[in-house]
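Here is a short briefing on one protein chain. Look at the sequence and the 3D view first, then work through the points below.

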Amino acid sequence: QVQLVESGGGLVQAGGSLRLSCAASSGSIFLTNNMGWYRQASGKQRELVARITRGGSTNYADSVKGRFTISRDNAKNTVYLQMNSLKPEDTAVYYCASGIAITPIDRVRTWGQGTQVTVSS
């Protein structure tokens, strides 16, 4: 089972940027899995933010299109989420996710520990 370790969360002002990182413990599993990011705001359901397939195709939630970019560095077994033009509504705990598929949510096999992103106004 792959383990995912997240970093990069924090407090940022609206309009600012953060980059989240998710490092996988297993390169072999990393290369055979889709990767992505979910987020869960207080009182809300966990929602998919971005996904990158093993082939490199990307998908984004409508709410973050044009602002967030997901990428993958296979040499480092790491997936990133570059978040620009952050809004207060982006405030949530962000979770890295891995699986043969990561949508729907019950297809996720491994979760990162979560990292808090707080955007102030």
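**A buried loop residue**

Thr53 counts as buried, because its relative accessibility is 18% and buried means under 20% relative accessible area, with exposed over 50% and partly exposed in between (1.4 Å probe, protein chains only). This is a predicted model: local features need pLDDT of at least 70, side-chain atom pairs count only at pLDDT 80 or more, and totals for chains, interfaces and linings use all residues. Residues are numbered from 1 along each chain as its sequence is written, and side-chain values use heavy atoms, with hydrogens and water left out.

**Two residues and their surroundings**

- Thr53 lies in the loop between strand 5 and strand 6 (58-60). Helices (H or I, at least four residues) and strands (E, at least two) are DSSP runs, numbered from the N terminus.
- Thr53 touches Asn34 and Arg72, not counting residues up to four places away in sequence. Contact means heavy atoms within 4.5 Å.
- The C-alpha atoms of Thr53 and Ser121 are separated by 34 Å. Along the chain, Thr53 and Ser121 are 68 residues apart.
- Ser98 sits in strand 9. Ser98 is buried, with a relative accessible area of 2%.
- Leaving aside neighbours within four places in sequence, Ser98 has contacts that include Val2, Leu4, Asn33 and Thr110.

**The nonpolar core**

- A nonpolar core is a set of buried Ala, Val, Leu, Ile, Met, Phe, Trp, Tyr and Cys residues joined through side-chain atoms within 4.5 Å.
- The largest nonpolar core has 26 residues. Trp37, Leu81, Met83 and Tyr94 have the most contacts inside it.
- Elements giving two or more residues to this core include strand 4 (34-40), strand 8 (78-83) and strand 9 (92-99).
- Strand 3 gives the most to this core, with 4 residues.

**Aromatic rings**

- How many aromatic pairs does the structure hold? There are 2. Rings of Phe, Tyr and Trp (its six-membered ring) pair if their centres lie within 6.5 Å; planes under 30 degrees apart count as stacked, over 60 as edge-to-face and the rest as tilted.
- The rings of Tyr38 and Trp111 have centres 5.2 Å apart and planes at 70°, so this pair is edge-to-face. Tyr38 is in strand 4 and Trp111 in strand 10 (residues 110-111), so the pair ties together parts 73 residues apart in sequence.
- Tyr38 is buried at 3% relative accessibility, whereas Trp111 is partly exposed at 30%.
- The rings of Tyr95 and Trp111 have centres 6.2 Å apart and planes at 85°, so this pair is edge-to-face.
- Ring pairs link Tyr38, Tyr95 and Trp111 into a cluster.
- The charged end of Arg46 sits over the ring of Tyr95, 3.7 Å from its centre. Arg46 also lies over the face of Trp111, at 4.6 Å from the ring centre. The rule: NZ of Lys or CZ of Arg is within 6 Å of the ring centre and within 35 degrees of the ring normal.

**Salt bridges**

- Side chains of opposite charge can pair when their charged atoms come close. A salt bridge is a side-chain nitrogen of Lys or Arg within 4 Å of a carboxyl oxygen of Asp or Glu. The count is 4.
- Asp90 forms a salt bridge with Arg39, the closest N and O atoms being 2.9 Å apart. Both Asp90 and Arg39 are buried.
- Asp90 also meets Arg67 in a salt bridge (2.7 Å, N to O).
- Arg39, Glu47, Arg67 and Asp90 are linked in a network of salt bridges.
- Asp62 and Lys65 form a salt bridge (3.0 Å, N to O). Asp62 and Lys65 are both exposed.
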